[in-house]
Amino acid sequence: MTLHVLALLAIVLYLAAAAGLARPLLGGGQPLNRLALVLAGSAVLIHAGILLGMHRGALDLHFFAALSLVAFVVSALTLLVNASRPVAALGVIVFPLTAALLALDGFLAPPTLPQPMDWQIKLHVTVALLAFGVLSIAAALAILLALQERALRHRQFGRWLRALPPLTLTETLLFRLISAGFVLLTLTLLTGVLFVDNLFGQHLAHKTVLSIGAWLVFGVLLYGRWRHGWRGARAVNLTLIGMAVLMLAFFGSKAVLELILHRGM
């Protein structure tokens with residue numbers, strides 16, 4: 001019961017933080033950035049406590065638990081990004097989504113038990129979660145970048161556009177995040193090779209192939225940026241393609257096995 005109350009409180013705080021950041025987009029007032037980030041930080045801390053309590057202090061990688069864990073990581077990283085490069089629109093996207101995924105795990109998902117893991121596998125999973133989180137934020141930024149470029153081309157200087165950071169800042173931050181995510185994804189693949197037994201078995205073959213595919217997409221994008229100055233629509237499209245492939249790698253089999261075939265992983 002206590003966990004449900006805490007989950008509800010975290011959901012309200014996430015939504016309140018998103019509303020504060022979205023204030024210029026909705027009513028034209030000044031953004032409540034500082035208050036919103038404090039609310040979001042409180043929500044993230046409560047979310048961490050919920051994950052520890054609900055899943056017995058262990059890494060639970062069942063479908064809904066994994067979604068809630070990834071959402072927590074993405075929200076925490078969003079706070080870090082906003083601490084150095086304020087991008088309020090990120091929180092408008094990320095925090096409501098995190099609230100929804102926390103609600104699914106806390107109120108609708110069946111209870112699950114974490115599977116025991118060695119420290120090596122925990123390290124591999126932790127690095128993978130960080131890679132997924134960083135690249136998820138990059139994908140959200142890519143969407144914002146595409147919206148900004150489209151609005152500027154059509155001279156649609158609406159209130160929401162003025163609330164976004166300059167286009168060059170968004171693009172610079174996008175490639176910094178992709179670079180960091182690419183390094184983390186490389187480490188994920190390396191720790192998988194070193195620590196995961198039978199990497200191409202135990203429902204892991206497609207995850208490995210898809211993860212390598214995503215790694216290649218992001219690698220090509222970074223090379224194109226360095227060698228040919230790729231930007232704009234090409235950068236956005238490759239970012240979203242790479243993220244879609246990575247999402248299939250992380251959650252595709254979980255959705256099929258747990259939600260359709262009703263088999264645990």
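Start at Asn82, in helix α4, which spans residues 63-84. Keep in mind that this is a predicted model. Is Asn82 buried or exposed? Asn82 is buried: its relative accessible area is 7%, and the cut-off for buried is under 20%. Leaving aside residues up to four places away in sequence, Asn82 touches Leu37, Val87, Ala88 and Leu90.

Now the core. The largest nonpolar core counts 75 residues. Phe95, Leu141, Leu174, Leu177, Leu246 and Phe251 have the most contacts inside it. Which elements give two or more residues to this core? They are α1 (2-21), α3 (33-54), α4, α5 (88-108), α6 (119-153), α8 (167-195), α9 (205-228) and α10 (232-260). The most comes from α6, with 16 residues. Domain 1 (1-115) and domain 2 (118-264) both contribute residues, so this core lies between them.

Take Leu246 from that list. Again setting aside residues up to four places away in sequence, Leu246 touches Phe132, Leu135, Leu185 and Ala214.

Last, the helix pair. Two packed helices are described by the angle between their axes and the distance between the axes. For α5 and α6, the angle is about 115° and the axes are 10 Å apart. Their crossing is right-handed. Which residues make the contact? From α5, they are Ala89, Leu90 and Ile93. From α6, they are Ile137, Ala140, Leu141 and Leu144. By class, this contact of α5 with α6 has 7 nonpolar residues, no polar and no charged ones.

Two names come back here. Leu90 is touched by Asn82, and Leu141 is among the core residues with the most contacts.

Note on methods:
Residues are numbered from 1 along each chain as its sequence is written. This is a predicted model: local features need pLDDT of at least 70, side-chain atom pairs count only at pLDDT 80 or more; totals for chains, interfaces and linings use all residues. Side-chain values use heavy atoms; hydrogens and water are left out. Helices (H or I, at least four residues) and strands (E, at least two) are DSSP runs, numbered from the N terminus. Buried means under 20% relative accessible area, exposed over 50%, partly exposed in between (1.4 Å probe, protein chains only). Contact means heavy atoms within 4.5 Å. A nonpolar core is a set of buried Ala, Val, Leu, Ile, Met, Phe, Trp, Tyr and Cys residues joined through side-chain atoms within 4.5 Å. Domain bounds come from an automatic or database domain assignment. Axes are lines fitted to C-alpha atoms, for helices over the stretch in contact, and angles run from 0 to 180 degrees between N-to-C directions. A crossing is left-handed if the near helix is turned anticlockwise from the far one by less than a right angle, and right-handed if clockwise. Ala, Val, Leu, Ile, Met, Phe, Trp, Tyr, Cys and Pro count as nonpolar, Asp, Glu, Lys and Arg as charged, and the others, Gly among them, as polar.
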